[in-house]
Amino acid sequence: MHDIWNAALRELQTKVSSDNFESWFENIRHHHYADQVFYLAVDDDFFKAWIEDNYLDLIEDALCEVTGETMEVVLDIEEAFDEGEERQVELDEPRKAARSARIDDGGQAALFEYTDEGSTPQELDQKVSDSGMNPRYTFDEFVVGTSNQFTYAACRAVANTPADTYNPLFIFGGVGLGKTHLLQAIGVEMLDRDPNAKVMYLSSEEFMNQLITSLRNKDMNTFRNQFRNDCDLLLVDDIQFIGGKDSTQEEFFHTFNALYQSGKQIVVTSDKSPQDLPGIEERLASRFSWGLIADIQPPGIETRVAILEQKAEADGIEMSSDVAMLLAGSIRSNVRELEGTLIRLGAQASLMGTPLTVEFAREMLDRMNIDHRRQIGVDEIMRTVCSHFDITVSDMKGPRRTRAISEPRQIAMYLSRKHTSHSYPELGRKFGGKDHTTVLAACKKLGELVEMGDNDFAHSIADLESILFR
Ligand code: ADP
Ligand code: MG
């Protein structure tokens with residue numbers, strides 16, 4: 001029977017990538033065979049669950065290929081084969097079992113239960129700071145808009161029922177869009193519920209530094225213990241830094257497995273999706289994809305205004321809605337910058353004893369070299385482009401596709417996408433009910449031409465922008 005398994009392994013090797021093969025198949029051992037059932041042993045519940053979810057059919061096919069017979073495959077961890085029925089039942093559905101254990105029994109479950117005794121706000125802040133987090137990064141202080149509502153909801157779900165909904169939760173998005181804020185909000189929420197919960201927050205760089213120190217001090221046990229046994233919720237910020245750092249990844253991989261297996265929640269943030277992360281081993285990337293992957297997009301103008309208003313209130317800065325509009329229109333892609341600029345403006349106005357007016361804000365933005373272009377709309381862009389090329393707006397919105405009309409139309413689409421926050425489908429509608437793929441194609445084509453520079457399109461676009469933002 002061992003020979004059959006070895007032959008099946010060779011078969012499997014041709015069906016999966018070598019990374020996956022190494023991660024998942026090399027450690028499967030043939031245990032025994034009885035009544036058409038092929039029993040395989042694996043190292044732990046984590047492996048068992050993963051292989052069952054992803055590779056069971058493949059394994060059965062490979063065995064069938066080798067033996068010419070259909071066989072059922074049963075996986076379990078080695079000890080479990082000797083322990084008999086009870087254990088067997090629990091292991092058949094380890095995740096379900098772990099889940100109901102948390103609901104049913106008071107033991108382990110206490111970790112994540114609501115505790116009404118709670119702690120005072122000061123005590124909570126202290127706990128939050130002790131865990132290396134910012135007490136201001138709460139769900140309440142996070143402004144929700146279309147660009148982040150999915151991730152926000154996922155984080156709330158994870159905070160409400162850790163390790164039960166999405167595990168791991170993988171959050172990704174550009175700089176300054178609120179990843180760290182949401183990550184910590186999960187931790188703050190959990191500490192609020194249960195002051196004794198063991199929440200660990202750290203960046204992947206800190207993880208690596210601690211690992212290096214422990215290796216140097218030959219104190220790996222303490223290192224491993226604190227992550228594997230002394231942690232209910234692991235929040236790892238900016239995982240991209242461990243790309244290419246092989247031994248850190250190796251250690252993180254094992255930490256991940258140990259936590260996952262004992263039903264602990266893991267949340268990770270990154271600047272890219274798991275597939276796009278350079279230098280991350282496939283077995284780690286595949287674990288990241290196991291739970292839920294949620295991305296955060298740059299906020300639209302309304303959300304930016306709402307964020308400014310919320311921060312102004314929190315910091316006691318008097319700000320009119322004109323100023324909010326000006327700032328939100330000038331700083332588009334990064335909430336941290338938006339917030340930083342508001343705070344600087346507020347501080348300067350109060351130092352100089354002047355109110356924060358639009359004029360004052362413009363002047364300050366000039367000095368900070370932030371170009372404060374006014375907000376423009378699609379209608380204005382269309383009108384400007386049409387008059388530049390001497391066509392009518394109804395032609396632009398109409399169906400005709402002669403070059404004299406389609407080229408200005410594409411330029412207007414490109415400019416609208418670049419300078420307003422409308423989506424492709426919205427733009428399609430504004431351009432007289434065109435399909436969003438038409439808008440997308442125009443933006444892509446012109447984006448490339450602008451990038452190349454020195455062609456008629458690039459020149460027209462530069463001219464038009466200088467007219468629009470005069
Ligand atoms: P990231 O980790 O994605 O680079 P951060 O979480 O550090 O971004 O966010 C940068 C700053 O912007 C933080 O002060 C955060 O509180 C704030 N911020 C980002 N998004 C929001 C939001 N939707 N509502 C309120 N504050 C936000
Ligand atoms: Mg961050």
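Q: In which helix is T255 found?
A: This is a predicted model, in which local features need pLDDT of at least 70, side-chain atom pairs count only at pLDDT 80 or more, and totals for chains, interfaces and linings use all residues. Residues are numbered from 1 along each chain as its sequence is written, and side-chain values use heavy atoms, with hydrogens and water left out. Helices are DSSP runs of H or I with at least four residues, and strands are runs of E with at least two, numbered from the N terminus. The run of residues 246–261 holds T255 and is helix 13.

Q: Is T255 buried or exposed?
A: Buried means under 20% relative accessible area and exposed over 50%, with partly exposed in between (1.4 Å probe, protein chains only). The relative accessible area of T255 is 0%, so T255 is buried.

Q: Which residues is T255 in contact with, leaving aside its neighbours within four places in sequence?
A: Contact means heavy atoms within 4.5 Å. With those neighbours left aside, the residues touching T255 are F207, F227, R228 and L234.

Q: What is the order of the strands in the open sheet of three strands?
A: Two strands pair if DSSP finds at least two bridges between them. Strand 2 (residues 37–42) and strand 3 are joined by six bridges in the parallel sense. Pairing in the sheet is mixed, and the order is 1-2-3.

Methods: Chains lettered and ligands numbered in written order.
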